[in-house]
Amino acid sequence: MSSSVYRVDKFVVPATAHAEFMARVATIKGMLDAMPGCRQNLVLEQVSGPGAFNVVTIVEWESAEAMENAKTAVSARYRDINFNPQETIARLGITADMANYRLYAA
């Protein structure tokens, strides 16, 4: 049985915010890829209509502990560079649905 945990974040991004948001996503992806326990890190993008994009990030962690350690490290980095993701999402007019998942085994 797998102990993997998945972080799935879904964003609706206005076209006016696309370049800034995707640059930030690339930076965060690079940080997460280097974290111990990161098994897979995907960024999916879809044009959802005129002027908007859907962006989904899926990160597979080997354990809940690895995911929590990464969260702590990323939060510390955000403090160091004075970056607040919630404020940025609000400023850019992005809607977000972010949650942890586990693999369903029937």
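The model is a predicted one. The salt bridges come to 5, and three of them are described below.

- Leaving aside residues up to four places away in sequence, Trp-61 is in contact with Ser-4, Val-5, Arg-7, Leu-32, Met-35, Pro-36, Gly-37, Cys-38, Ala-66, Met-67 and Ala-70.
- As a general background, nonpolar side chains in soluble globular proteins tend to be buried together.

**Largest pocket**

- A total of 31 residues line the largest pocket, and those nearest its centre are Arg-7, Asp-9, Ile-28, Tyr-78 and Met-98.
- The lining consists of 17 nonpolar, 6 polar and 8 charged residues.
- At least two lining residues are supplied by each of β1 (5-14), α1, β2 (38-49), β3, α2, α3 (85-92) and β4 (95-102).

**Salt bridges**

- Lys-10 pairs with Asp-97 in a salt bridge whose closest N and O atoms are 3.9 Å apart. Because Lys-10 belongs to strand β1 and Asp-97 to strand β4, this pair ties together parts that are 87 residues apart in sequence. Lys-10 counts as partly exposed at 34% relative accessibility, and Asp-97 counts as partly exposed at 40%.
- Lys-29 and Asp-33 form a salt bridge with a closest N to O distance of 3.0 Å. Both residues lie in helix α1, 4 residues apart, which is about one turn of the helix. The relative accessibility of Lys-29 is 26%, so Lys-29 counts as partly exposed; Asp-33, at 40%, also counts as partly exposed.
- Glu-60 forms a salt bridge with Arg-39, with 3.6 Å between the closest N and O atoms. Glu-60 is in strand β3 and Arg-39 in strand β2, so the pair ties together parts that are 21 residues apart in sequence. Glu-60 has a relative accessibility of 13% and therefore counts as buried, whereas Arg-39, at 48%, counts as partly exposed.

Key:
Residues numbered from 1 in each chain as written. Predicted model: local features only at pLDDT ≥ 70, side-chain atom pairs only at ≥ 80, totals over all residues. Heavy atoms only, no water. Contact = heavy atoms within 4.5 Å. 1 Å grid on protein atoms, 1.4 Å probe; cavity = no way out; pocket = protein on both sides within 12 Å on 5 of 7 lines; lining within 4 Å. Nonpolar A, V, L, I, M, F, W, Y, C, P; charged D, E, K, R; others polar. Salt bridge = Lys/Arg side-chain N within 4 Å of Asp/Glu carboxyl O. Buried < 20%, exposed > 50% of the residue type's maximum accessible area, 1.4 Å probe, protein only.
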